[in-house]
Amino acid sequence: MKHILTLNFARMGDIIEAIPLMAGLKKAYPQARIDMAINKKFQGICREDYPVDHLIPLDLDSFVRGVIETENSLVDGYRDLEKLILPLREVDYDLIVNFSHTIASGYLAALLKGKDIRGLSFDDRRIPLINHPWMQYFWTMVRNRDLNNINLVDIHLMSADLLPEEIIPSFKITPQEESLAQEVLHREGVGEQDLLIGIQPGANDEAKRWAASSFGTLAAHLQEEYGARICLFGIESEKSLGEEISRHVKKPLVNLIGRTTLSQLSALLKRCRLLITNDTGTMHLATAVGTQLIVITIGNAYSQESGPYRPGQIILQPALPCFPCESSSECRQPICKTHIPVEAVLASVRMVLKGEEIPQLQAEASTPFHNVLLTRTDFDQRNLLEHRPLTKRPLTEKDCFQFLYREMWIRSLHRPWRKDPFIHEEFLSTLEERYCLSSAVQVGTRLGHLKKDFNELGVMAQQGITLLEKILKLVKAHSSDPRFIEKSLKRVAGLDEEIEQYGLTSRFILLLCHMFQFQKDSVKEDEFESMVKSILRAYQDLHWRTNFMKRALGDLERSLSSSISHDQAVGSN
Amino acid sequence: MSFYEKNLSCLRTQNPELASAVGEIQPSASFQVLQSKTGPPILKAGNISFHSLHNPEQEARKWAEHSASTMEHHPYLIVGGLGFGYHIRELMKHTRSTIVIAEPRLDILRCAMENVDLQDILAGCTLCVGGRLQPLFSLADASASSSGPPPLLLHKPSQRTSPDYFERIKGRLLLAQHLQGTRLKVTVVTPIYGGSLPVALSCANALTQLGHSVDVVDNSLYAENFLALDKVTDNNDHICALQALLTSFLAELLMARVAHTKPDFVLLLAQAPITEDVLERLRAAEIPVVYWFVEDYRHMDYWKEVVHRCALFCTMQKGQFFEELEKSGATNYFYLPLACDPAIHHPVPLSPEEEKEFSSSLSHVGAGYLNRQNFFLGLLDQDIKVWGNDWNLDSPLAGKIQRKGARLSADEYVKIFNASKININLHSSKYHKGVDPFGDTVNPRTFELAGCNAFQLVDERSLIPELFEPGEELISFRDLDDCKEKIRYFLDHPEERKAIALKAKERALREHTYEARMEEMLCKLIIRYPSVLNRRSTSRNYPSNLISQAGPDTPLGKYLSQFQKDEELTLSDITNVIKSKTTPLTEPDFMFLLMEELQESAG
């Protein structure tokens, strides 16, 4: 590999979150030049120590302004676009990883010269191609968010064939930046020994913002209880949030909303003992400078996907059936904004400030965490980030599926891990450790019913495998009967449709069908035999996945029943 | 076999429709056929002699030689006026171009066919007679971009008999020269309801017929809402305030539409909902506004707010109104009378049921204005049917009012016109008891009746004589007594009614169509505002400009040449084509798709 390009046109947080991937690429391909294309407005986030050889900032905002707002002709726009993307088109890349996941980035990828393009691109019939199983998983996950339990950073790493190695996104803050931050705080009357707690009340999307009044009440408590100095962060357009918060406190705030540069913000965040924040770019920046976080994740944000990529961070998410919102949802009844009580966040702060290992809590109605999914981030034994519950809530079938699917996808999409033994007892003990199994009998029974869906899907997958193997055998033997092949391919197409429709009947198997569909749609039709092989592979993968889930659900169904019998027996004694 | 029979036989093979029309018409009573001193017959209409009384052939030779020496070569030549054809026969000897004869009057063709042998001319030339000018205009448009419009050689005596007709042809050729095949983008804005609504729609149709791209902002869609405001309250001030708000909303709607379609100009019909602010913003956006004020300026004075904010202001009155306009400092006005729409206003056959309902000796179609309510009382002794809305059903006239004063459709109007022996056309007035003695405006009904081949008795209006010849093409009346006298006469003379109606129809089709009006308006607009075309020629996204900017031989220039649209190209025009492609996409395809996505993602 000589040239590698990553396309990262998302927001500030995504650029920070790309650090493990970029560092991983550099480590895996030390001889290669690694480029990253970003939106120019986020150029400032790529500090000197950012692990990239060649940064390509594209001034997308100016380009769009030129097209929309000026008297430029379409030819002017075309030429501007040519100039804009020229630096990307001049290089023959060995590998392009597109983790922007937008249609525009897909068209751009289609215009570039790349031997291996991962992520969204388009073929010359404008059919979306999503290359690499982990990228296909990403698009599957977007449509089945609540069953995903794998962080985006890990998904992106593995889509570049890199294994997670506990590389945490991190920035070094220079002593000069630290002293400048101290100057700012000094002007605000904050001493070096003062307990400084940061609050980031804004977010790019209104739906992701916990109520400013709640932040205000929280700030008042923290001032009262700890004598803490509360520092507000945010951008110019979020000033009104600061005003709202200030109405709830008795002592002055350090209101820096709209008053910091990126560099100052980084240093100020580092100075904070902890940051209480919505799911924002500031959250990722704090992750990168190593500040302890308490994250309130609501609306269409979802920490299992995009939460801070560092162990030990505390996350509060609403325990609501509609959470997280669909990505495209425009909720008109955002009850999640008030669902997480101030007391729950305050209790989390107290635990963090104690500096002790946080014990597992009960999520009973009498506790502030009754309505909250409280988790802490950690790395599992494969170094993938996971969310460990800090409150013991009753186990549901959704919890079971989140666990099982995580295990299944990791094995299915990284083939060497398929060989790892799946020790059911270990899995069960993890469930017992994290959840309350009081309603396990009912959960087990429902899992038993759902197992049948996987069985049915597995039968369909097997039919496809049989058909495709026959076709492949004939093709290889050069004794193909065109009519038979045509008839068989029609039956395969019929099966595809059946699988698609069957997926719609249960949300727990839908993601398997989506994944199957993405895999099939991305098959290149260059050469017949390789096309048949690729389709066969999709069927085989589906079969493997349904089998895994079927077996695991069967085991779980039995275990939950016996485990509860045991619980009940203990209870009766 | 007579000249007429020989000529008719020849014409039938060349132009059967025209031959049929000739068969229906008789030469005017004012025509005289005289013998010249050298022998050949010549035509004299009134005091105009069409050829030399001494030697018509020699005169024709000189005219043809002179014409041939002054004109540049063009595949087509237009000769204005047939007369008895001597000048055309001579011209045929001097040119290999195809000669197209534009003759305003069908009765002159008939007279010529009766008196001279025209077979060589009928076989060798293309004949456009009366209002049947479409072939002539089509070839003018078609040749304009390559060799310019064809030259027009006028036969002076013919020109003197029908100056408006030849002015129209000249204007049309000038338009063809300016446009050179370019289709203009026009936004036509209708009123919410009322008499100028059908006029607006006919203008839109006419502009489309002329080959332009027309976007109609049809405010009649909001008529129910507008009329519902009357029921909100009895307080008239409040109703007016609400109406002003709705008017303002519809004006903003126009602005949004214009921002989207980017027309070359906007045509507003009288009472189209508009505000001074929107007119100013259109001006600031350099989109010329043409306002057709089809109102009596004495009754409606809102013209004062409009005239200075638009590029062209068309009126249906002259004289005192022009003086008023001049006093206001305006210089952008011109007279543009109403017209008929041949697609709607034409003779139609009636079913027996329709015949039964619609036919009568006398009829009147129109709203029950004060003067009409009063005037028609004087015709209670007649077999008359009165059609239209707003009539007083408690008056003695009630028995004559049809369908209890219900509104009628344009199709129904046309059937009534066709089914009535005499159509009484009394211009409306809110102030008089009968005929307005000082009335000048000519209502749409005058033209519509003419287009329908319907005989009309119309009250005297000072502007009628320059549009139709009273006594020949329509009959005017001064007052009720005069009207009754003419009713008696014409009910007894059906053949005269028929002949007059036919001449009115010929005149209307020849000169008074909305197409003719739109041509005239476009000519005025282009002459006054050549920037209308400049905008087009300099329009950044006009396909030819894009290709030229990209370079015709560059890959992008070649790529863009597939978009042969005669109007501004938008990004979505291009991407829609790309998205419907069945062939593999190319690099420019992906570039434009990317451009669109980036633009959309920016919101």
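**Helix contacts, sheets and a few backbone details**

Q: Which residues in helix 4 of chain A meet helix 24 of chain B?
A: Leu74(A), Val75(A), Asp76(A) and Arg79(A) do, and what they meet in helix 24 of chain B is Leu546(B), Gln549(B) and Ala550(B). This is a predicted model.

Q: How do the residues of that contact between helix 4 of chain A and helix 24 of chain B divide?
A: Four are nonpolar, one is polar and two are charged.

Q: And at what angle do helix 4 of chain A and helix 24 of chain B pack?
A: About 35°, with the axes 9 Å apart.

Q: Where do Tyr107(A) and Phe590(B) sit?
A: Tyr107(A) is in helix 5 of chain A, residues 103–111, while Phe590(B) belongs to helix 27 of chain B, residues 587–601. The pair therefore crosses between chains, and its tilted label follows from the 55° between the planes.

Q: Now chain A alone. What is the order of the open sheet of six strands?
A: The order is 3-2-1-4-5-6, and the pairing is mixed.

Q: Which are the edge strands?
A: Strand 3 (54–58) and strand 6 (128–131) of chain A, each of which pairs on one side only. Neighbouring strands in this sheet are turned by 25° against each other on average, ignoring direction.

Q: In which sense do strand 1 and strand 4 of chain A pair, parallel or antiparallel?
A: Parallel, over four bridges, between residues 3–8 and residues 93–98. Leu5(A) has Ile96(A) of strand 4 as its bridge partner.

Q: Further along, how many bridges join strand 16 to strand 17 of chain A?
A: Two, and the strands run parallel. Pro394(A) stands opposite Cys436(A), which is in strand 17 of chain A.

Q: What about strand 13 and strand 16 of chain A, in which sense do they pair?
A: Strand 13 (residues 361–362) and strand 16 (residues 391–394) also pair in the parallel sense, over two bridges. There, Gln362(A) has Lys392(A) as its bridge partner.

Q: Back to helices. At what angle do helix 9 and helix 10 of chain A pack?
A: About 45°, and the axes are 8 Å apart.

Q: Is the crossing of helix 9 past helix 10 of chain A left-handed or right-handed?
A: Right-handed. From helix 9 of chain A, Ala212(A), Ser213(A), Phe215(A), Gly216(A) and Ala219(A) take part, and they meet Leu241(A), Glu244(A) and Ile245(A) of helix 10. The contact residues come out as five nonpolar, two polar and one charged.

Q: At roughly what angle do the axes of helix 16 and helix 18 of chain A cross?
A: Roughly 50°, with the axes coming within 10 Å. That makes helix 16 of chain A oblique to helix 18 of chain A, and the crossing is right-handed.

Q: Which residues make the contact of helix 16 with helix 18 of chain A?
A: Helix 16 brings Glu397(A), Cys400(A), Phe401(A) and Tyr405(A), and helix 18 brings Val443(A), Arg446(A), Leu447(A), Leu450(A) and Phe454(A). Seven of these residues are nonpolar, none is polar and two are charged.

Q: Over to chain B: what pairing has the open sheet of three strands?
A: Antiparallel, in the order 1-2-3. Its edge strands are strand 1 (31–35) and strand 3 (48–49) of chain B. Strand 2 (residues 41–45) and strand 3 of chain B share two bridges, and Lys44(B) stands opposite Ser49(B).

Q: Across which strands of chain B does helix 5 lie?
A: Helix 5 of chain B, residues 106–115, lies across strand 1 and strand 2, running at about 30° to strand 1.

Q: Last topic, the backbone. Is the peptide bond from Phe323(A) to Pro324(A) cis or trans?
A: Cis, with omega near -5°. Pro324(A) is in the loop between strand 12 (314–318) and helix 14 (336–339) of chain A.

Q: And what is phi of Glu286(B)?
A: Near 60°, which is positive in a residue other than glycine. Glu286(B) is placed in the loop between helix 13 (276–284) and strand 11 (289–293) of chain B.

How values were computed
Residues are numbered from 1 along each chain as its sequence is written. Chains are lettered from A and ligands numbered from 1 in the order in which they are written. This is a predicted model: local features need pLDDT of at least 70, side-chain atom pairs count only at pLDDT 80 or more; totals for chains, interfaces and linings use all residues. Side-chain values use heavy atoms; hydrogens and water are left out. Two strands pair if DSSP finds at least two bridges between them. Axes are lines fitted to C-alpha atoms, for helices over the stretch in contact, and angles run from 0 to 180 degrees between N-to-C directions. A crossing is left-handed if the near helix is turned anticlockwise from the far one by less than a right angle, and right-handed if clockwise. Contact means heavy atoms within 4.5 Å. Ala, Val, Leu, Ile, Met, Phe, Trp, Tyr, Cys and Pro count as nonpolar, Asp, Glu, Lys and Arg as charged, and the others, Gly among them, as polar. Rings of Phe, Tyr and Trp (its six-membered ring) pair if their centres lie within 6.5 Å; planes under 30 degrees apart count as stacked, over 60 as edge-to-face and the rest as tilted. Angles under 35 degrees count as roughly parallel, over 145 as roughly antiparallel, 65 to 115 as roughly perpendicular and the rest as oblique.
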